[in-house]
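Please view the sequence and the model together while reading.

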Amino acid sequence: MAQEQDPETERLLTVARHFGYNLSAADLTIARLTYPRTRQALDRLLETLPPDEEPALIFITPADDLGMGVADERGKDE
Amino acid sequence: MSAAELCLLPLHELAERLQRRQISSLELTDAYLARIERLEPQLHAFITLTPERARRAARQADEALQRGGHTGPLAGIPIALKDLFDTAGIRTTANSPVNDHNIPAEDADAVSRLNAAGTVLLGKLHMNEYAFGNPRPDDDVPYARNPWDLARIPWGSSSGAGVALAAGLCAGALGSDTAGSIRGPAAHCGIVGLKPTYDLVSRKGVAVLAWTLDHVGPMARRVRDVAMLLEAILDEASPGAYSDRLHIWPRGLRVGIPGRWIAAKQGLEPDVLMAFDEAIGVLEGLGAETQDIELPAVEHLTGMLQTIILSEAAAYQAPRLRAGGGGLRRGFYERIMSGLFYSAVDYIQAQRGRAMLCREFAALMTTVDIIATPTVATTSPLLEERMADVAPPSAEYTGLFNMTGQPSISIPCGFDRRGLPIGLMLSAAPYQEEKLLQVAAAYEAATDWHRRLPPIAA
């Protein structure tokens with residue numbers, strides 16, 4: 001007998017099916033717990049992000065570009 | 001000196017004895033292998049042991065040391081690797097059934113460098129599946145047990161490394177850290193764990209959890225030990241670059257303490273906070289100028305971190321997720337499953353937030369040299385409690401510095417009333433490993449928390 005699912009679980013299963021993932025409600029134990037909280041946190045982030053903020057896909061400047069290698073750092077704080 | 005005392009010596013002291021030919025690498029390797037055989041049934045620190053290969057490598061190291069000449073400071077040192085580093089000809093599983101028969105043809109870059117340094121590989125260490133799996137009652141594998149209390153497990157995911165080092169089953173180890181997986185087990189096991197600046201150490205040949213958050217780093221019993229291991233695994237090995245300069249105290253050192261953020265952490269244990277406050281007192285006694293700081297943009301940290309880690313993990317594992325799990329254990333499969341529900345737009349927004357976070361931390365790090373926090377808000381959890389808790393542990397203190405890519409170290413700073421270790425986390429600006437290690441070494445020298453041994457190891 002088919003079990004009735006809550007609307008949020010049904011929605012997530014539909015989304016997953018749309019993208020080619022055939023999940024069951026049992027697969028979503030942790031997703032049901034964590035996804036809504038993270039979703040809300042992302043929404044709050046959007047309220048504060050400057051419009052011109054670019055994504056940090058390369059988020060750290062390589063040491064060479066900063067002129068900071070292991071050797072270069074020596075002696076600075078002696 | 002007994003075999004147990006030998007096995008528990010810091011790596012740098014073992015290195016000195018090997019260089020002076022006071023012990024042989026084969027004697028040392030055999031001592032570790034015998035100790036592993038005795039304690040492993042209770043600790044489950046290893047997934048794979050490589051005793052014959054280890055003895056062969058030890059004999060080669062002894063021959064090189066006997067011949068003299070340039071061997072490097074790590075020649076003959078027995079080490080172990082988290083089981084997500086590719087090792088040529090040795091099974092590498094990331095503790096996942098999908099890799100049960102995976103025998104890489106080549107070593108990971110960091111492993112090649114340790115081999116070139118003459119280290120002796122004892123085996124591959126236990127870990128959470130793909131560095132992210134959640135313990136579950138129906139799991140078919142044992143968990144690495146904390147030597148300080150065998151009913152407890154160290155915070156993942158480099159759990160076997162923390163256990164093996166605390167129990168004296170190896171002299172040094174490599175781990176990986178995506179949100180705290182080096183520093184967490186280090187704190188819970190009473191050892192030292194360093195997450196270097198992002199990409200300072202090559203990730204080539206290391207199983208992926210989340211590309212832009214994964215870091216490779218050393219774990220050991222002393223700060224000097226992790227400094228020596230770091231020197232060996234850099235793109236260009238530089239013996240002494242850090243370890244020869246640990247005696248220097250950075251002049252005018254400014255330590256920032258984000259008191260409000262630390263106290264706001266849900267579940268922060270009073271004993272952890274007390275040990276942290278005492279550690280700050282020690283740093284002040286050493287000459288640090290401490291100041292209370294407000295951390296920018298951290299109210300958005302969890303949302304950004306979760307979105308990035310889950311999206312990247314789900315992308316990496318997408319073929320297996322499409323195949324209904326494809327052999328992954330439930331505790332990992334269910335956890336990364338939630339990454340499927342974030343859109344490309346969500347991921348980009350989180351990376352935009354990360355850009356803001358990094359920029360504001362770059363500005364903050366012009367006003368302080370070190371940020372000090374507890375490593376983890378709690379001491380080591382009971383295995384049965386972790387199995388009953390569906391929600392993964394929160395990694396805010398540690399995960400912050402995976403987001404910004406800053407170097408961050410955990411060192412022992414006390415014990416709770418149950419006798420479980422507590423970690424102090426110090427974090428510096430990008431590429432400031434030297435300063436970070438100097439401060440950590442000075443703190444270590446001023447305290448004796450690192451000298452205590454778990455009951456099973458004593």
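The sections below go from whole chains to single residues.

## Overall form of chain B

The structure is a predicted model. Chain B contains 17 helices and 11 strands. Its radius of gyration is 21 Å, close to the 23 Å given by the globule rule for 458 residues, so chain B is as compact as a globular protein of that length. Along the principal axes, the C-alpha atoms of chain B fill a box of roughly 60 × 55 × 40 Å.

Of the 458 residues in chain B, 66% are buried. When contacts in chain B between residues at least 6 apart in sequence are considered, 78% of them join residues at least 24 apart. One such separation is seen between B:Gln432 and B:Ser408, which are 24 residues apart in sequence, with their C-alpha atoms 9.7 Å apart in space.

## Surface and charge of chain B

Chain B exposes about 15,300 Å², and carbon and sulfur atoms supply 51% of this area.

## Chain A

Chain A has four helices and zero strands; along the sequence, the pattern reads α-α-α-α. Buried residues account for 31% of the 78 residues of chain A. The accessible surface of chain A is about 5,200 Å², with 52% belonging to carbon and sulfur atoms.

## The nonpolar core

In soluble globular proteins, nonpolar side chains tend to be buried together. Here the largest nonpolar core has 168 residues. The members that touch the most other members are A:Leu23, B:Phe85, B:Ile409, B:Leu426 and B:Leu437.

Leaving aside residues up to four places away in sequence, B:Phe85 touches a set of residues that includes B:Ala108, B:Ala110, B:Val111, B:Leu174, B:Val206 and B:Val216. B:Thr92, B:Lys124, B:Gly175 and B:Gly205 are also among the residues that B:Phe85 touches.

## An enclosed helix

The buried residues of α8(B) include B:Val223, B:Val226, B:Leu229, B:Leu230 and B:Ile233. B:Asp225 and B:Glu231 are also among the buried residues of this helix.

## Backbone features in the loops

Most residues other than glycine have a negative phi, and most peptide bonds are trans. Several places in chain B may be read against that background. A cis peptide bond, with omega about 5 degrees, joins B:Gly156 and B:Ser157. B:Ser157 lies in the loop between β3 (120–125) and α6 (159–167) of chain B.

B:Asp199 is not a glycine, yet has a positive phi of about 65 degrees. B:Asp199 sits in the loop between β5 (192–195) and β6 (215–220) of chain B and is partly exposed, with a relative accessible area of 41%. B:Ala297, also a residue other than glycine, has a positive phi near 65 degrees. B:Ala297 belongs to the loop between β8 (289–292) and α11 (301–316) of chain B. The relative accessible area of B:Ala297 is 9%, so this residue is buried.

## A buried loop residue

B:Gln432 is placed in the loop between β11 (421–428) and α17 (433–446) of chain B. The relative accessibility of B:Gln432 is 14%, so the residue counts as buried.

Note on methods. Residues numbered from 1 in each chain as written. Chains lettered and ligands numbered in written order. Predicted model: local features only at pLDDT ≥ 70, side-chain atom pairs only at ≥ 80, totals over all residues. Heavy atoms only, no water. Buried < 20%, exposed > 50% of the residue type's maximum accessible area, 1.4 Å probe, protein only. Helix = DSSP H or I, 4+ residues; strand = E, 2+ residues; numbered from the N terminus. Rg over C-alpha atoms; globule rule 2.2 N^0.38 Å. Contact = heavy atoms within 4.5 Å. Areas by Shrake-Rupley, 256 points an atom, 1.4 Å probe, with all protein chains shown as cover. Core = buried A, V, L, I, M, F, W, Y, C linked by side-chain atoms within 4.5 Å.
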